[in-house]
Amino acid sequence: MAETVLRVEDVTVYYYTLRGVVHAVEDAWLEAGAGEMVALVGESGSGKTTLGFAMLNLVPPPGRVVKGSIWIGRIDLLSLRGEKLRQARGSLVSMVFQDPFTTLDPVRRIGDQLEEVLTEHGVTREEARSRVREVLESVGLPRDAAERYPHQLSGGQRQRVAIAAAIALEPQVLVADEPTTALDVVVQKQIMDLIDEIRRREGMAVVLVTHDIALAAERADKLAIMYAGEIVEQGPTRRVLENPLHPYTRALLASVPDIDSDRWPTPIPGQPPDLHRPPPGCRFHPRCPQAMPVCRERRPPLHVTSGGRTARCWLLEER
Amino acid sequence: MPRMGFASEALARPLARLLEGSTPQGRRLIKAGLAIFLAIVIMSLAAPVIAPYSPVKTVAPPLQPPSLKHPLGTDVLGRDVLSRIIWGGRIVLWVVALSVALSAAIGIPLGLVSGYTGGRLDKALSMIMDAVYAFPSLILAIALAAVLGPRPENAAVAIAVVYVPTYFRMVRGQVLRVKAEPFIESARALGLPPWRILREHVLPHVLPTIMVVFSLSAADAVLTEAALSFLGLAVTPPTPDWGFDLYAAKMRALSYPWLIIGPGLMITLLALSLALIGEGLGEKMAVG
């Protein structure tokens with residue numbers, strides 16, 4: 001296995017709202033090796049985006065990381081403050097966002113927007129200029145893209161610009177938050193191909209935040225399934241798909257339509273919980289077909305199996 | 001467009017930028033406002049050349065009605081009213097320019113920082129600004145000018161203090177809007193320092209609004225200056241100034257109306273021209 005470059009240890013993020021504390025992410029563990037793609041899969045409000053932001057120590061207020069570490073190489077990103085943290089963002093870990101139509105400043109040229117990322121990380125102006133050309137070319141944009149304004153580019157091209165900005169400083173970890181959701185299917189494939197190519201070429205670990213389990217299954221080396229703020233299961237993609245350990249993963253897979261079989265997708269009954277007051281015990285127990293008495297009372301521990309898989313479920317403990 | 005040499009081309013460019021993106025009606029407003037405003041500025045700058053008499057010397061018998069020699073008559077001290085009007089714009093323009101520049105120089109940076117950083121600093125600043133804003137502006141300006149003494153620069157400071165909260169609130173509000181844009185979040189994720197984000201990615205989006213506030217508050221400042229000057233809080237005699245001349249003419253307004261029409265009209269025109277520009281720019285905002 002590739003050398004581990006990202007290690008999320010026991011990360012918990014709360015939002016302190018007027019209505020109370022939102023338990024957005026609870027005790028998350030995650031690892032990604034160089035060149036590996038880990039997909040954080042979950043429905044809206046499962047905490048996947050929050051965890052993605054935590055990886056840049058950029059959880060928006062009133063949110064706060066209350067415990068845990070995020071190791072990138074030998075640096076704990078959550079321990080960094082001020083100038084050091086700013087320098088780390090972009091050069092150690094970087095992010096690509098969902099909507100390329102709004103993540104570029106509409107009034108600045110593409111080249112200037114890329115160049116400032118470099119110069120603000122200590123690259124000289126001349127070096128930055130040639131690096132901008134280089135990186136634009138490496139994401140498959142025409143040479144003159146630097147002179148253009150965002151509105152002159154298509155959605156796919158803009159997402160390429162956003163990717164170029166994110167990888168300009170060759171970070172070790174790239175967090176991609178639903179990078180293709182705003183794009184049409186053909187462009188989606190092109191962008192995912194580009195991300196795959198970059199991570200293999202640069203040895204960059206990619207955290208793909210997505211609600212699209214089919215996309216994750218197709219692209220990621222590892223899956224981390226999130227439900228109600230918890231990573232309920234994670235492991236190598238093939239094994240998770242073939243032999244899901246957690247009932248939620250099974251339910252999620254059953255809810256995906258499959259054109260090769262006669263099986264109809266099965267929805268998961270019920271609603272995800274309100275994270276102001278998550279259910280006691282296992283957070284999935286109100287919707288779980290296999291819930292047992294213990295699930296209502298005690299939170300399942302992190303179960304580690306052979307082959308680098310983890311899951312949180314009492315069924316595994318009873319065995 | 002006929003070529004009219006370098007000067008007109010230098011003017012054409014900013015004019016085009018100003019008109020860009022506005023509605024046809026907005027464009028008409030801006031053009032009309034600019035025409036009046038520039039005419040007054042040119043008149044004031046060229047006063048030594050175009051004024052027929054000295055504005056401060058007795059050149060004829062007092063209180064003469066309009067005649068060929070004195071198109072707007074003479075005042076109580078036998079000074080040429082037209083000459084005083086031509087010279088009188090200088091003080092207003094100076095005070096207005098100075099006060100607008102001062103309040104913008106204080107209000108805009110504070111609004112930027114306050115809105116962007118948020119938290120306690122923002123709360124404290126907003127409270128102070130709201131407190132100043134809550135005062136009736138004219139009364140506050142009068143009080144300040146009275147304390148500072150009757151000099152144009154002091155009047156400018158008094159007016160500036162009154163308008164700082166206007167800039168602050170407007171800029172802060174816009175910053176809050178821009179701050180929520182995803183490209184700001186993205187800039188933070190890419191490790192850009194706050195001051196750079198503020199200067200390069202927030203300020204350009206706030207600027208159009210600032211232009212509107214700029215001209216509207218300048219229009220207001222014209223009236224405030226006239227009021228201060230009317231009360232003798234901006235200039236000392238015999239300096240020619242519209243507001244002050246209006247005061248001097250007040251008592252004789254019914255018998256000698258030519259004394260009051262000139263200064264009054266000029267104050268109105270100047271304020272109107274700036275308000276027109278502001279309204280025109282506002283149209284542009286509504287479109288964009």
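**View 1. Strand 3 of chain A is a buried strand.** Five of the five residues of strand 3 (residues 37-41) of chain A are buried, so the strand is largely enclosed by the rest of the structure. "Buried" here asks for 20 or more other C-beta atoms within 10 Å of a residue's own, with C-beta atoms placed from the backbone. This is a predicted model: local features need pLDDT of at least 70, side-chain atom pairs count only at pLDDT 80 or more, and totals for chains, interfaces and linings use all residues. Residues are numbered from 1 along each chain as its sequence is written, while chains are lettered from A and ligands numbered from 1 in the order in which they are written. Strand 3 of chain A is covered on both faces: A:M37, A:A39 and A:V41 are buried on one side, A:V38 and A:L40 on the other. Strands (E, at least two residues) and helices (H or I, at least four) are DSSP runs counted from the N terminus.

**View 2. Strand 3 of chain A has parallel partners.** With strand 8 (residues 205-210) of chain A, strand 3 of chain A pairs in the parallel sense over five bridges; pairing takes at least two DSSP bridges. Look for A:M37 opposite A:V206 in strand 8 of chain A. Strand 9 (residues 222-227) of chain A also runs parallel to strand 3 of chain A, joined by four bridges. Here A:A39 sits opposite A:L223.

**View 3. Chain A meets chain B.** Chain A puts 23 residues into the contact and chain B puts in 15; residues touch when their C-beta atoms, placed from the backbone, lie within 7 Å. On the chain A side, helix 2 (82-91), strand 6 (93-96), helix 3 (110-119) and helix 5 (155-167) each give two or more residues. Helix 2 of chain A gives the most, with five. That side of chain A comes out as nine nonpolar, seven polar and seven charged residues. For these classes, Ala, Val, Leu, Ile, Met, Phe, Trp, Tyr, Cys and Pro are nonpolar, Asp, Glu, Lys and Arg are charged, and the others, Gly among them, are polar.

**View 4. Helix 4 of chain B crosses helix 5 of chain B.** Chain B has 11 helices and zero strands, and 43% of its 288 residues count as buried. The axes of helix 4 (residues 81-117) and helix 5 (residues 119-134) of chain B come within 7 Å and cross at roughly 135°. That is why helix 4 of chain B counts as oblique to helix 5 of chain B. Axes are fitted to C-alpha atoms over the stretch in contact, with angles from 0 to 180 degrees between N-to-C directions. B:L110, B:S114, B:G115 and B:T117 in helix 4 of chain B meet B:G119, B:L121, B:D122, B:L125 and B:S126 in helix 5 of chain B. By class, that contact has three nonpolar, five polar and one charged residues.

**View 5. Helix 5 of chain B also packs against helix 7 of chain B.** The axes of helix 5 and helix 7 (residues 152-179) of chain B come within 8 Å, crossing at roughly 130°. These two helices of chain B, helix 5 and helix 7, are therefore oblique to each other. B:M129, B:V132 and B:Y133 in helix 5 of chain B meet B:V164, B:P165, B:F168 and B:R169 in helix 7 of chain B. Six nonpolar, no polar and one charged residues make up this contact.

How values were computed
Two residues are in contact if their C-beta atoms, placed from the backbone, lie within 7 Å. Angles under 35 degrees count as roughly parallel, over 145 as roughly antiparallel, 65 to 115 as roughly perpendicular and the rest as oblique. A residue is buried if 20 or more other C-beta atoms lie within 10 Å of its own, exposed if 12 or fewer, and partly exposed in between; C-beta atoms are placed from the backbone.
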